[in-house]
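Hi there,

Here is the model I promised to pass on. Please open it next to this note, and my findings follow below.

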Number of protein chains: 2
Amino acid sequence: MLVRIDFESDEAFYIQLRNQIIMGIAMSELREGESLPSVRDLAEDIGINMHTVNKAYSILKQEGYVRLDRRRGAVIAVDANKLLAEEELRMQLKTIVARALCKELSPEEIRLTLDSVLSDFR
Amino acid sequence: MLVRIDFESDEAFYIQLRNQIIMGIAMSELREGESLPSVRDLAEDIGINMHTVNKAYSILKQEGYVRLDRRRGAVIAVDANKLLAEEELRMQLKTIVARALCKELSPEEIRLTLDSVLSDFR
DNA sequence: TTCCTGTTATATGGAAAGTGTAACAGTGCA
DNA sequence: TGCACTGTTACACTTTCCATATAACAGGAA
């Protein structure tokens, strides 16, 4: 899986990295049980510091996307707490739906955009 | 409209404030042409600094939700660029949908959550 | 043993967030 | 003409976060 950091972005490197790995899991480019590169290798590949990669991995562990193994490194292992996930989803949707409605997007347009996004996965 | 800051949150005060005002507009608690409190008054009300409120107002102006008037203060004035708004919506959905899919929420469950969120507005 | 894991500790530079005080330039009102 | 109220700008200051750097430690594998 290809990872790339936007050095111009105002998003922190470790946030960009975390999001891309989550995206990779959702797109099935990364599969359950698969190992991610070691913190040192990945850091060198994408041109950032080891600790920054480590921070991304630690957060992914805390959020239940990987398990960290001293020998195998970071292994994809999604802990699916559906109730918690739905509550998070609802909170995040609330904010961005509010923005869309202000900008006069209709509920129907918002639904269609969601369908379009959903169809990009798989 | 009631504004409240969560001092424990890791979200910046000016981001919390911006989001709540956008929420107010979307919920029709704040209407086109209505004035927001002055930066000094609001700052005192919610217990934060004037400059922090000013920062929120400036961002709301930049994002096209208010116009800043030297005499009337911040006035609700939504500049609805639908094309831009839809592109923003799509980008934001992409990230949170990926998270939901990883946590084994189905596309149908995601759609239902969106419908539930949409029904909370108005 | 040697090498590669993640993990931890400590230090540093830079940017952002938040506060504080102060002043300035318009505008409306008495 | 003053006064009070807007947003706006300019500094200074503290604290936190981001990212880097160097170094060391512990555990598993070859």
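Which residue of chain A forms a salt bridge with B:Glu109? The partner is A:Lys82, with the closest N and O atoms 3.2 Å apart. Before going further, the conventions: this is a predicted model, in which local features need pLDDT of at least 70, side-chain atom pairs count only at pLDDT 80 or more, and totals for chains, interfaces and linings use all residues. Residues are numbered from 1 along each chain as its sequence is written, chains are lettered from A and ligands numbered from 1 in the order in which they are written, and side-chain values use heavy atoms, with hydrogens and water left out.

**Salt bridges**

By salt bridge I mean a side-chain nitrogen of Lys or Arg within 4 Å of a carboxyl oxygen of Asp or Glu. Over all chains, the structure holds 15 of these salt bridges.

Back to the pair above, B:Glu109 and A:Lys82. B:Glu109 sits in helix H5 (residues 107–119) of chain B and A:Lys82 in helix H4 (residues 82–102) of chain A, so the pair joins two chains. Helices (H or I, at least four residues) and strands (E, at least two) are DSSP runs, numbered from the N terminus. B:Glu109 is partly exposed at 27% relative accessible area, and A:Lys82 is partly exposed as well at 33%. For these classes, buried means under 20% relative accessible area, exposed over 50%, and partly exposed in between (1.4 Å probe, protein chains only).

A salt bridge also links the side chains of A:Glu109 and B:Lys82, at 3.2 Å from N to O. Here A:Glu109 belongs to helix H5 (residues 107–119) of chain A and B:Lys82 to helix H4 (residues 82–102) of chain B, so this pair too joins two chains. A:Glu109 is partly exposed at 28%, and so is B:Lys82 at 34%.

Within chain A, the side chains of A:Arg71 and A:Asp69 meet in a salt bridge of 3.3 Å, N to O. A:Arg71 is exposed, at 77% relative accessibility, whereas A:Asp69 is buried, at 16%. There is also a network of salt bridges that links A:Arg99, B:Arg18, B:Glu63 and B:Glu88.

**How the two chains relate**

Chain A superposes on chain B by a rotation of 180 degrees with 0.0 Å of shift along its axis, at an RMSD of 0.1 Å. That is the relation of a two-fold axis. The superposition is by least squares on the C-alpha atoms of residues with pLDDT of at least 70 in both copies.

**Around DNA strand C**

- a backbone N or O atom of B:Phe13, at 2.6 Å
- a side-chain N or O atom of B:Thr52, at 2.8 Å
- a polar backbone atom of A:Val39, at 3.3 Å

H3(B) gives the largest share of the surface near DNA strand C, with 4 residues.

Best wishes

Technical notes:
A polar contact is a pair of N or O atoms within 3.5 Å; within protein, one must be able to donate a hydrogen and the other to accept it, and residues adjacent in sequence count only if both atoms are side-chain atoms.
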